[in-house]
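Colleague: Please take a close look at one part of this model and describe its surroundings, then carry on to the packing of the chain around it.

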Amino acid sequence: MTLRDLLDKILRRQPASATTARERLQLVLAHDRSDLSPETLDQMRREIFEVVAKYVDIDLEEGDVSLETEDRVTALVANLPIRRSMAASSNE
Amino acid sequence: MTNSRTILICSGKGGVGKTTLTANLGIALAGQGARTVVLDADFGLRNLDLLLGLENRIVYTAQEVLAETCRLDQALVKHKQEPNLALLPAGNPRMLEWLKPEDMQTIAGMLSERFDYVLIDCPAGIEDGFKNAVAAAKEAIVITTPEVSAVRDADRVIGLLNTHGVSPVQLVLNRVRPKMMANQDMLAVDDVTDILALPLLGLVLEDEQVIVSTNRGEPLTLNGSASPAAKAYGNIASRLQGEDIPLMDPAKERRGIRARVRRLMQTKIF
C-alpha cells in the first residue's frame with residue numbers, strides 16, 4: 001500500500017487506477033495460471049466447504065476459497081471462519 | 001558459430017512494439033559490431049521489412065530457402081547503411097499451411113552459423129505461428145506495455161516459454177509514461193516486474209519519434225538519434241552484450257516540487 005492508497009481510503013476517494021489495475025491483474029492471472037475455470041473453482045470451493053463442515057461449524061457466508069498469486073507461484077487460499085468446533089457442540 | 005545467440009522477441013498481444021524492438025535492436029547490435037540477422041517469423045502479417053526500409057529489396061524469402069530453390073545468401077537482404085545487419089524476409093502467408101517447428105529450427109540453425117545474433121520477430125498470439133517461432137529460439141525477450149491486457153498476455157507467453165525450456169527470458173517495458181506513473185494512473189515498473197517475475201532488460205519511454213522513424217523506414221538507432229526511445233534501444237543492445245548500464249528511473253525523469261509530492265505519494269507504507 002502506498003501513501004496515496006492510504007489517503008484515498010481515509011478520504012473515501014476512488015483508488016488510483018494503477019492500484020485497481022494491479023489488483024485486477026493479480027486476480028485474473030491467478031486464474032489464468034492455474035487453468036481453472038470459474039465453474040471448477042466454484043465446485044472445488046463447495047466440496048472444500050462440505051469436507052470442512054464435517055469437522056467444524058463454519059460460517060459459510062464469511063468463508064472464502066480463492067487463488068492468490070505472487071512471484072509466479074499461485075496458491076489456493078482458504079479463509080473459513082469457525083463458529084465453534086463440532087466436538088464442543090456434541091458435548092453440550 | 002559457437003557463440004551465436006538466437007533470441008525470440010515476443011509479446012502475446014499485438015501492437016505492443018515487437019517489430020519496432022526487433023528492428024532497432026538489430027540496427028543497434030550491428031552498429032556495435034555484432035553480425036546480426038533479423039528473421040521475420042510473422043508470415044501472416046509481415047512488417048519487419050517495412051520498418052527497416054527494405055521492402056523494395058526483397059527477391060527471395062525464407063520460403064525459397066526452405067524449398068531449396070535459392071541459397072541462403074541470395075535471400076538475405078543486407079542493410080545498406082548498416083552492413084552488419086541482414087534481414088531474412090517472411091515468405092508468403094500460404095506458407096503457414098505447411099510450415100512446421102522443424103522448418104524454423106532449420107532456418108535458425110543456418111543463420112546461427114553465420115551470425116552472432118539471430119533475432120526472431122515473433123507473430124502475435126500463441127497459436128501455430130508462435131509455436132513455430134519458439135521452437136527455433138534459445139532465449140527470449142518479452143516486450144509488454146504497462147496495460148492490463150498486455151501484461152496478462154505477456155504472462156501467458158512467459159508460461160509457454162518456460163514450458164518450451166527457453167532461457168533466459170528477459171523483459172522490456174515499452175511505452176512508459178513517467179507522468180502517468182507518477183500520478184499512479186499507470187502500472188508502475190515494479191508492479192509489472194513483480195507480477196511477471198522477469199529481470200528487466202530495458203525501459204522504453206513513450207516517444208513520438210518512433211512513429212516518425214516508422215514512417216521513414218529508418219529505425220531510430222540508425223542515425224544516432226538523441227530521442228529517449230533511441231537511447232533506450234541502444235542501452236538494451238549494450239545490456240544484451242553484457243555491459244552493465246543502469247536502468248532509467250521514470251520518476252527521476254520529472255523534477256520540481258509537484259514531481260516530488262507525487263513521488264512522496266508513491267512511498268510504500270506497508
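Modeller: Leu25(B) lies in helix 1 of chain B, which covers residues 18-31. The model is predicted. With a relative accessible area of 0%, Leu25(B) counts as buried, because the cut-off for that class is under 20%. Leaving out residues up to four places away in sequence, Leu25(B) touches Ile9(B), Leu119(B), Ile141(B), Tyr233(B), Ile236(B), Ala237(B) and Leu240(B). Gly234(B) is 209 residues away from Leu25(B) in sequence, yet their C-alpha atoms are 7.2 Å apart.

Next, the nonpolar cores. The largest nonpolar core holds 57 residues, and those with the most contacts inside it are Leu8(B), Leu88(B), Leu111(B), Val142(B) and Leu161(B). Helix 7 of chain B, residues 148-163, gives the most to this core, with 5 residues. Apart from neighbours within four places in sequence, Leu161(B) is in contact with Leu8(B), Cys10(B), Phe130(B), Val134(B), Ala140(B), Val142(B), Val166(B) and Val169(B). A second, separate core has 38 residues, including Val16(B), Leu119(B), Ala150(B) and Val210(B). Leu119(B) is also one of the residues that Leu25(B) touches.

Last, a helix pair. The axes of helix 5 (residues 101-112) and helix 6 (residues 128-135) of chain B come within 7 Å and cross at roughly 40 degrees. That angle makes helix 5 of chain B oblique to helix 6 of chain B. Their crossing is right-handed. In the contact, Pro101(B), Met104(B) and Gln105(B) of helix 5 meet Lys131(B), Asn132(B), Ala133(B) and Ala135(B) of helix 6. These residues divide into 4 nonpolar, 2 polar and 1 charged.

Terms used. Residues are numbered from 1 along each chain as its sequence is written. Chains are lettered from A and ligands numbered from 1 in the order in which they are written. This is a predicted model: local features need pLDDT of at least 70, side-chain atom pairs count only at pLDDT 80 or more; totals for chains, interfaces and linings use all residues. Side-chain values use heavy atoms; hydrogens and water are left out. Axes are lines fitted to C-alpha atoms, for helices over the stretch in contact, and angles run from 0 to 180 degrees between N-to-C directions. Helices (H or I, at least four residues) and strands (E, at least two) are DSSP runs, numbered from the N terminus. Angles under 35 degrees count as roughly parallel, over 145 as roughly antiparallel, 65 to 115 as roughly perpendicular and the rest as oblique. A crossing is left-handed if the near helix is turned anticlockwise from the far one by less than a right angle, and right-handed if clockwise. Contact means heavy atoms within 4.5 Å. Ala, Val, Leu, Ile, Met, Phe, Trp, Tyr, Cys and Pro count as nonpolar, Asp, Glu, Lys and Arg as charged, and the others, Gly among them, as polar. A nonpolar core is a set of buried Ala, Val, Leu, Ile, Met, Phe, Trp, Tyr and Cys residues joined through side-chain atoms within 4.5 Å. Buried means under 20% relative accessible area, exposed over 50%, partly exposed in between (1.4 Å probe, protein chains only).
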